[in-house]
Amino acid sequence: MNNREEIQDLVELYIEAMNNDEVDTIPLTDDVEFRGAMLSEPIVGEVAVREHLRQIAPFFNTRLIYLIIENDTAAAMMDIEMVNGTNHQGAAFFRVRGGKICYDQAFFDTHRLFKGGS
């Protein structure tokens, strides 16, 4: 069982690493699963997920609005600033196992990406 502080630290580290293009510092399990708003299928495995995160990290910066933690799961509401100047609110759901992220699912309104709205 993970404690709240450990999970909060992991989520904050994840956001900071993504914002600074330092994806290699994110603790991920070998069998981590990533589900994204723009993906038709999940990405599974530490190597594949890390590579995907490396590819997407340069395109946005995220600010944590609030975080809800229960047991081994966290729900994060975030403000996402895209490189094209648009801002979006989105959510990510994380599960933690053994001090590492084992599940990451991101949601945001993809329609605004294509409309260019803020």
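**Talking through charges and patches**

Mentor: Let's start with glutamate 22, which is partly exposed, having a relative accessible area of 41%. This is a predicted model, where local features need pLDDT of at least 70, side-chain atom pairs count only at pLDDT 80 or more, and totals for chains, interfaces and linings use all residues. Residues are numbered from 1 along each chain as its sequence is written, and side-chain values use heavy atoms, with hydrogens and water left out.

Trainee: Where is glutamate 22 found?

Mentor: Glutamate 22 sits in the loop between α1 (4-19) and β1 (28-35). Helices (H or I, at least four residues) and strands (E, at least two) are DSSP runs, numbered from the N terminus.

Trainee: What makes arginine 50 count as buried or exposed?

Mentor: Its relative accessibility is 8%, and that is under 20%, so arginine 50 counts as buried.

Trainee: And why is isoleucine 68 called exposed?

Mentor: Isoleucine 68 has 51% relative accessibility, which is over 50%, so exposed is the term. This residue is found in strand β3 (residues 60-70).

Trainee: How do you know that arginine 50 and glutamate 46 meet in a salt bridge?

Mentor: A salt bridge is a side-chain nitrogen of Lys or Arg within 4 Å of a carboxyl oxygen of Asp or Glu. Here the N to O distance is 2.5 Å, so the pair qualifies. Both residues lie in helix α2 (residues 46-56), 4 residues apart, about one turn of the helix. In general, side chains of opposite charge can pair when their charged atoms come close.

Trainee: Which residues are linked with Glu51 in a network of salt bridges?

Mentor: Asp24 and Arg54 are linked with Glu51 in that network.

Trainee: How many salt bridges are there by this rule?

Mentor: The count comes to 5. Another one of them joins arginine 35 and glutamate 33 at 2.5 Å, N to O.

Terms used:
Buried < 20%, exposed > 50% of the residue type's maximum accessible area, 1.4 Å probe, protein only.
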